[in-house]
Amino acid sequence: MGGAKKRSERDIRTCLISLAILKILSKKNLHGYALIGVLEEIFRQEISKPLVYIVLRRLEAKGLVRSRWETTGQGPARRVYFLTEEGKKAMLKKVKHLAELIEVCRRIIEY
């Protein structure tokens, strides 16, 4: 049973990271390292870097996020991620669903 609980918690965390990435990219295009920094601010804890890149690849495969290589005057090229129109629609739908779940949780807590 402990394994199922950990897997369930990991799945919820992955879903929240996915939603947070969509929300962040709806405001600004970012490269992975900067995106991880914003996620860590939101979650107020260290976020697994490999997990973030796994989630980004999944979002790209679904057509919700795209990326392109950008070069600046200094340093190596960086992959910059941005939200697609389909990603924006999915983000809005997921935010609405999360708000509904939060309301149910609030009612449970207050019961």
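Analyst: Start with exposure. A residue is called buried under 20% relative accessible area, exposed over 50%, and partly exposed in between, using a 1.4 Å probe and protein chains only. The model is predicted, so local features need pLDDT of at least 70 and side-chain atom pairs count only at pLDDT 80 or more, while totals for chains, interfaces and linings use all residues. Residues are numbered from 1 along each chain as its sequence is written, and side-chain values use heavy atoms, with hydrogens and water left out.

Now the charged pairs. A salt bridge here is a side-chain nitrogen of Lys or Arg within 4 Å of a carboxyl oxygen of Asp or Glu. That rule gives five salt bridges. Among them is the pair R106 and E103, with N and O 2.2 Å apart. Both residues sit in helix α4, which runs over residues 85–110. Helices are DSSP runs of H or I with at least four residues, and strands are runs of E with at least two, numbered from the N terminus. R106 and E103 are three residues apart, about one turn of the helix. R106 is partly exposed, at 35% relative accessibility. E103 is also partly exposed, at 29%.

E103 has another partner. It forms a salt bridge with R107, where the closest N and O atoms are 3.5 Å apart. E103 and R107 are four residues apart in α4, so about one helical turn separates them. R107 is partly exposed, with a relative accessible area of 45%.

E110 bridges to R106, with the closest N and O atoms 2.5 Å apart. These two are four residues apart in α4, again about one helical turn. E110 is exposed, at 56% relative accessible area. Shared partners join E103, R106, R107 and E110 into one network of salt bridges.

Next, the cysteines. A disulfide is defined as a pair of cysteine sulfur atoms within 2.5 Å. The count is zero disulfides. Why? The sulfur of C15 has its closest cysteine sulfur in C105, 14 Å away, which is too far for a bond. Looking from C105, the closest cysteine sulfur is that of C15, at 14 Å. C15 is exposed, at 54% relative accessibility. C105 is partly exposed, at 44%.

Last, helix α2. This helix covers residues 32–43 and has 12 residues. From first C-alpha to last, α2 reaches 16 Å, close to the 16 Å expected at 1.5 Å a residue. The expected span is 1.5 Å times one less than the number of residues. G32, L35, I36, L39 and F43 are buried in α2. They cover an arc of only 100° around the axis, and therefore lie on the same side of α2. The arc is taken from the directions from the helix axis to the C-beta atoms. On the face turned away from the buried side, α2 carries the exposed residues Y33 and E41. R44 follows α2 and has a positive phi, near 55°.
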